[in-house]
Amino acid sequence: MGLKILITGGLGYIGAHVCAVLHQKGYRIVLMDNLSNSFLQMYHQLITLLGEQSLEFEKKDISRPDEVKELFRKHSDIKGVIHLAALKSVNQSIAQPLSYYHNNVGGLITLLSEVKSKNIPFLFSSSCTVYGQADQLPIKENTSLKPSFSPYGFTKQVGEQIIKDTAKANDSFKAMSLRYFNPIGAHPSSLIGEWPIGEPQNLVPYITQVGIGKRKELKIFGDTYDTTDGTCIRDYIHVMDLAEAHVLGLETLFSSNSNHYVYNVGLGKGVSVKEMVSRFEKVSERPIKYKISKARKGDVPIAYADASRIRHQLNWQPKYSINDALLSAWNWEKYLHSNNDHKE
Ligand code: NAD
Ligand code: WQD
């Protein structure tokens, strides 16, 4: 029997894909989620994809010490933690900073208090947002971090620091922060994918909803940036490749002597918003209506990764192109639509 791994935030977008990849590699899985930004239906989707016996689900909140303790009492055989549970809306974090600090920082501390003495590896979802507008491109892990524009971004910087300090103080606590660039796309089965509650805040789910006719048009946030076509440039990465990086990260923590790592996870290719729209039109054969609207506050003009550290040290080899990712996102959108499941 495989080792049992806890995935916090496991019913969310990235968590569901990490779950699918871990299962495929033979791990046993406990998903913990408070459903604050996901649907219980995602659990049923995972069961359809992976089978009835493939995972256990605990509806619990990482910021509640009693619930976290209870979870570890019940699953005393957990051998690793992948911590994805967090609130992730930049705008909402500006309006409600205390909920973000409570959930993302308080929740992390609650979880670490339980995990740090158990001698089990800990993987943390960080974000390229920690770099802000980097002074140097492509962005390397040692590129200096900038003061964050939003409380959300700050929770990732503080989270990384808390983990680093905890690892420094406890040799047996092994941890890794993965700085995701822009995850997009869906599982090849189209049974799981990004499932936003309400109006999507990120580019690709917005485009797919325009494609299916759920939204009238895409608003492109600014076209006067100092880039090739004036729109922002990002490093989009298939969520399945990102999920794979988690498994490699976990396996490194199981076998290594060092106890603290930080990796960028991106394809290393900068693509503009307009280019994403035309790539999507090509793979989906659907026209995407858009209008240029004003720049979004806090958006950095250009961000793309130097991912050579994870490629070399973990032998991470992304398998999917940006067009593959866009096509899979489109297939997932069609699946949701045909199953009448597109909840608001
Ligand atoms: P998501 O919102 O789809 O998933 C997060 C899940 O965590 C949700 O299911 C939510 O219900 C759950 N959750 C939130 N607070 C919780 C709590 N207190 N207790 C238990 N569960 C809780 O987000 P995602 O896109 O899958 O992101 C996962 C992680 O990756 C987050 O930490 C996010 O900050 C980070 N990240 C995401 C992106 C991105 O573009 N999606 C980029 C960089 C980093
Ligand atoms: C991509 C590009 C937008 C929507 C955000 C968070 C970041 C990280 C990843 C978690 C940008 C443009 C978008 C739309 C648009 N998350 N856009 N119209 O901004 O790179 O990063 O998600 O850590 O913290 O800030 O991703 O998908 O929102 O935007 O023109 O309706 O698309 O301006 O240039 P972003 P995104």
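Predicted model: local features only at pLDDT ≥ 70, side-chain atom pairs only at ≥ 80, totals over all residues.

Trainee: Okay, ligand 2 then. How many residues surround ligand 2, and which are the closest?
Mentor: There are 19 residues around ligand 2, and the closest are Tyr152, Lys219, Arg234, Arg296 and Asp299.

Trainee: What sort of residues are in that shell, by class?
Mentor: The shell around ligand 2 splits into ten nonpolar, five polar and four charged residues.

Trainee: And polar atoms? What does Asp299 do there?
Mentor: Asp299 has a polar side-chain atom 2.5 Å from an oxygen atom of ligand 2. Backbone atoms turn up as well: a polar one from Lys219 sits 2.7 Å from a nitrogen atom of ligand 2, and a polar one from Gln201 is 3.3 Å from an oxygen atom of the ligand.

Trainee: How much of ligand 2 does the protein bury?
Mentor: The protein buries 88% of the 680 Å² that ligand 2 exposes when taken alone.

Trainee: Which elements give two or more residues to the shell?
Mentor: Those are α7, residues 203–212, and β8, residues 218–221.

Trainee: Which one gives the most?
Mentor: That's β8, with four residues in the shell around ligand 2.

Trainee: Is Leu203 buried or exposed, and why?
Mentor: Leu203 counts as buried because its relative accessibility is 18%, and the cut-off for buried is under 20%.

Trainee: How far apart are Leu203 and Leu218?
Mentor: They're 15 residues apart in sequence, and their C-alpha atoms are 8.6 Å apart in space.

Trainee: New topic: pockets. What's the volume of the second largest pocket?
Mentor: The second largest pocket has a volume of about 150 Å³.

Trainee: Which residues line it?
Mentor: The lining of the second largest pocket is made up of Leu145, Gln157, Glu160, Gln161, Lys164, Arg179, His260 and Val262. Two elements give two or more residues to that lining: α6, which is 151–169, and β11, which is 260–265.

Trainee: Which element gives the most to that lining?
Mentor: α6 does, with four residues.

Trainee: And how do the lining residues divide by class?
Mentor: The lining of the second largest pocket has two nonpolar, three polar and three charged residues.

How values were computed:
Residues numbered from 1 in each chain as written. Chains lettered and ligands numbered in written order. Heavy atoms only, no water. Near = heavy atom within 4 Å. Polar contact = N/O pair within 3.5 Å; in protein donor to acceptor, adjacent residues only side chain to side chain. Areas by Shrake-Rupley, 256 points an atom, 1.4 Å probe, with all protein chains shown as cover. Nonpolar A, V, L, I, M, F, W, Y, C, P; charged D, E, K, R; others polar. 1 Å grid on protein atoms, 1.4 Å probe; cavity = no way out; pocket = protein on both sides within 12 Å on 5 of 7 lines; lining within 4 Å. Points joined across faces, edges and corners; volume = space filled by probe spheres on them. Buried < 20%, exposed > 50% of the residue type's maximum accessible area, 1.4 Å probe, protein only.
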